[in-house]
Amino acid sequence: MNGLTFDIAHMLAGGLVLVSMMMLYQDRLYALLNVFALHSLVLTLSVTWQAFVQDAPHLYMTAAIALVFKAIIIPVALHRMIRQLGIHREIETVVGIGPTMLAGIGLIALAMAVMLRVTTEADPLAREDLAFALSVLLLGLLTMVTRRNAVSQVVGFMSLENGLVLAATGAKGMPLVVEISVAFSILIAFIVIGVFLFRIRERFDTVDVRALDDFKGRRRK
């Protein structure tokens with residue numbers, strides 16, 4: 001593998017980590033959805049490059065699924081859902097943006113330190129792609145736990161799944177049937193989450209998850 005091929009693969013995987021950090025910075029839902037679409041687009045480019053490098057045609061199908069479903073269909077559907085539900089556009093966070101960004105940097109450092117240490121015998125490209133993938137996964141989890149709005153938590157979950165896809169393709173891919181199964185599982189989960197959001201909105205007139213906590217507290221009393 002020549003140096004240029006290696007550098008492009010790292011640039012795309014590192015770009016996914018950078019866009020994950022951008023998601024942590026967003027405080028408005030529409031901006032968050034736009035950044036998630038960019039996140040999925042970068043994932044598409046990364047998987048396409050891995051398909052070329054590994055000479056793995058089935059990875060082109062993975063890239064197409066990421067482009068169609070995660071970069072186009074899901075962001076557009078969530079935009080419409082926000083308009084239909086009349087959801088408050090600003091995202092309420094558990095902690096401030098500054099501490100969240102610092103926590104994100106710490107998680108990236110942790111992912112790099114752990115993954116590079118435990119994969120010393122692996123292929124250099126796969127080894128560092130796995131470190132980037134773990135960073136994306138942890139940042140997606142951080143997005144979920146630091147947001148109170150249910151829609152932003154859904155976006156965090158889907159960005160976490162992007163990290164799993166990056167890990168699978170960096171580790172020499174996975175069978176096509178598994179990729180298709182994962183794609184349909186994500187689509188079904190998205191439909192279920194959409195129905196769930198509509199039910200929350202009808203019952204509580206909000207999608208802030210604190211409303212559920214307040215409701216549980218009243219039920220116990």
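1. Lysine 70 and glutamate 161 are both buried. Their side chains meet in a salt bridge, with 2.1 Å from N to O. The pair links distant parts of the chain, 91 residues apart. Lysine 70 sits in helix H3 (residues 58–85), and glutamate 161 sits in helix H6 (residues 150–170). The count of salt bridges comes to one. Keep in mind that this is a predicted model, and that the 2.1 Å is a computed value for heavy atoms.

2. Helix H3 also holds isoleucine 72. Is isoleucine 72 buried, partly exposed or exposed? Its relative accessible area is 46%, so isoleucine 72 counts as partly exposed. Lysine 70, in helix H3, is buried instead. Isoleucine 72 and leucine 38 are 34 residues apart in sequence. In space, their C-alpha atoms are 9.7 Å apart.

3. How many aromatic pairs does a search of the whole structure find? The search finds one. Tryptophan 49 and phenylalanine 52 form this pair, with 5.3 Å from centre to centre. The angle between the planes is 40°, and the pair is tilted. A tilted pair falls between the cut-offs of 30 degrees for stacked and 60 for edge-to-face.

4. The cut-off for exposed is over 50%.

5. On the overall fold: the protein chain has eight helices and zero strands. Read along the sequence, the pattern is α-α-α-α-α-α-α-α. Among contacts between residues at least 6 apart in sequence, 76% join residues at least 24 apart.

6. The UniProt record, an unreviewed entry, places the feature "transmembrane region" at residues 6–25, 32–52, 58–82, 94–118, 130–147, 154–174 and 180–200. Two of these spans can be set beside the model. Residues 6–25 are 100% helix and 0% strand, and their end C-alpha atoms lie 29 Å apart. Residues 94–118 are 88% helix and 0% strand, with the end C-alpha atoms 33 Å apart.

7. On burial and surface: the protein chain has 221 residues, of which 44% count as buried. The chain exposes about 11,000 Å². Carbon and sulfur atoms supply 67% of this area.

Definitions and conventions:
Residues are numbered from 1 along each chain as its sequence is written. This is a predicted model: local features need pLDDT of at least 70, side-chain atom pairs count only at pLDDT 80 or more; totals for chains, interfaces and linings use all residues. A salt bridge is a side-chain nitrogen of Lys or Arg within 4 Å of a carboxyl oxygen of Asp or Glu. Helices (H or I, at least four residues) and strands (E, at least two) are DSSP runs, numbered from the N terminus. Buried means under 20% relative accessible area, exposed over 50%, partly exposed in between (1.4 Å probe, protein chains only). UniProt positions are given in the numbering used here, feature names are shortened, and annotations may be inferred rather than shown by experiment. Rings of Phe, Tyr and Trp (its six-membered ring) pair if their centres lie within 6.5 Å; planes under 30 degrees apart count as stacked, over 60 as edge-to-face and the rest as tilted. Contact means heavy atoms within 4.5 Å. Accessible areas come from the Shrake-Rupley method with a 1.4 Å probe; for residues, only the protein chains shown count as cover.
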